[in-house]
Amino acid sequence: MSIIDQSGTFTLGDRSVKRLGYGAMQLAGPGVFGPPKDHDAALAVLRTAVESGVDHIDTSDFYGPHVTNQLIREALHPYRDDLVIVTKVGARRGEDKSWIPAFSREELTKAVHDNLRNLGLDVIEVVNLRLMFSVYGPAEGSLEAPLTVLADLQRQGLIRHIGLSNATATQIAEGRGIAKIACVQNQYNLAHRDDDVLIDDLARDGIAYVPFFPLGGFSPLQSSTLSDVATRLNATPMQVALAWLLRRAPNILLIPGTSSVGHLRENLAAAELVLPDDAVSELDKVAAIAA
Ligand SMILES: NC(=O)c1ccc[n+]([C@@H]2O[C@H](COP(=O)([O-])OP(=O)(O)OC[C@H]3O[C@@H](n4cnc5c(N)ncnc54)[C@H](OP(=O)(O)O)[C@@H]3O)[C@@H](O)[C@H]2O)c1
């Protein structure tokens, strides 16, 4: 029994995973580009995560590019049977570190094969289609063409389950008419709550919601309320932010990112932090203050 067992489980595709997982994006170099500054430290983060009971890792071949997948393979292959690796396609990287939409049939097919090769897998458990209609957040536009490509790759046996990322409710409804959607990965945290209604709708349908930037992303969350609650509970602000997400809805699966073993251990310990109701009421007001 590890600490993170206390986070509970939820179904991702047809696998049960612990609700506290790990996001590998922070392992690449600055700007999610190039190699990490400390290769061995990056391997240590991945190995510590799995040794600590993490069974859900989020990645993409466009992190680096290729870097995080190659690190995951070096650190963890051959993979434990219970490890679920989730990746995403829909973008490629420019030489200037930019994120370029990559939605043609050729680009999506190449991306899936790149993920398979760099992760050392024959089939990927979950592939998220990362929508790129806007770089700033979800924006409307039909996903029929790219999702049809992923559904074809799923029929070929290269992908077990399909998810959507950076998607609106309209796009998720459209997507569910084309393929079975296992999860939705959008930006959401204590201070950024655009998806409140969507999360509850997905929970009713048994679909996992995986917030990216659960700690605020490149600029971790800062809030006096968060700090005050953390001090009272003898926890850290990041642990409180994660415990709040675990409490928010049963279908939320966490993938906090870090390049540090110390931060990883701190984040995983959030699984045993129980927030009293009065703390939750205070934390629920943070988004309104931040808006
Ligand atoms: N679908 C998408 O479009 C999308 C977009 C972004 C991210 N993602 C996925 O979501 C995962 C999570 O997002 P994220 O990693 O960008 O952001 P995050 O989890 O919100 O936060 C990561 C940042 O917080 C810092 N941090 C982590 N733990 C900490 C702690 N205990 N104390 C202080 N600082 C801490 C990290 O720095 P240190 O390295 O120094 O700990 C890093 O700067 C990613 O790894 C990626 O897999 C998906």
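The sheet here is open and has seven strands, in the order β3-β4-β5-β8-β9-β10-β11, with parallel pairing. Two strands count as paired if DSSP finds at least two bridges between them. The edges are β3 and β11 (208-209), each of which pairs on one side only. Helices (H or I, at least four residues) and strands (E, at least two) are DSSP runs, numbered from the N terminus.

Before going on, the provenance. This is a predicted model: local features need pLDDT of at least 70, side-chain atom pairs count only at pLDDT 80 or more, and totals for chains, interfaces and linings use all residues. Residues are numbered from 1 along each chain as its sequence is written. pLDDT is the predictor's confidence in each residue, from 0 to 100. The protein has a mean of 97, and 99% of its residues reach 70 or more. By element, mean pLDDT is lowest in helix α11 (residues 286-290), at 83, and highest in strand β4 (residues 56-58), at 99.

Back to the strands. Strand β5 (residues 84-89) runs parallel to β8 and is joined to it by four bridges; V89 stands opposite L129 in β8. Four bridges also join β9 to β10, again parallel, and L164 has V184 in β10 as its bridge partner. How many of the five residues of β10 (residues 181-185) are buried? Five of the five, so the strand is largely enclosed by the rest of the structure. Buried means 20 or more other C-beta atoms within 10 Å of a residue's own, exposed means 12 or fewer, and partly exposed is in between, with C-beta atoms placed from the backbone.

Next, helix α4 (residues 144-155). Its 12 residues should span 16 Å at 1.5 Å a residue, and its end C-alpha atoms are 16 Å apart, which agrees. The expected span is 1.5 Å times one less than the number of residues. The buried residues of α4 are P146, L147, V149, L150 and L153. Seen down the axis of α4, these fall within an arc of 150°, so they line one face of the helix; the arc is that of the directions from the helix axis to the C-beta atoms. The face turned away from the buried side carries the exposed residues E144, A145 and R155. Cover for the buried residues of α4 includes α3 (105-119), β8 (124-130), β9 (159-165) and α5 (169-176). Just after α4, G157 takes a positive phi of about 90°.

L150 is also among the residues with the most contacts inside the largest nonpolar core, which has 89 residues; L253 is another. Helix α8 (residues 237-248) gives the largest share of this core, eight residues. Such a core is a set of buried Ala, Val, Leu, Ile, Met, Phe, Trp, Tyr and Cys residues joined through C-beta atoms within 7 Å. Beyond four places in sequence, L253 is in contact with residues including F10, L12, A208 and V210, contact being C-beta atoms, placed from the backbone, within 7 Å.

Last, the loops. The G64 to P65 peptide bond is cis, with omega near -15°, and P65 sits between β4 and α2 (67-76). The H77 to P78 bond is cis too, with omega near 0°; P78 lies between α2 and β5. Which is buried and which exposed? V32 counts as buried, with 20 C-beta neighbours inside 10 Å, whereas N234 is exposed, with 8 other C-beta atoms within 10 Å.

Conventions: Two residues are in contact if their C-beta atoms, placed from the backbone, lie within 7 Å.
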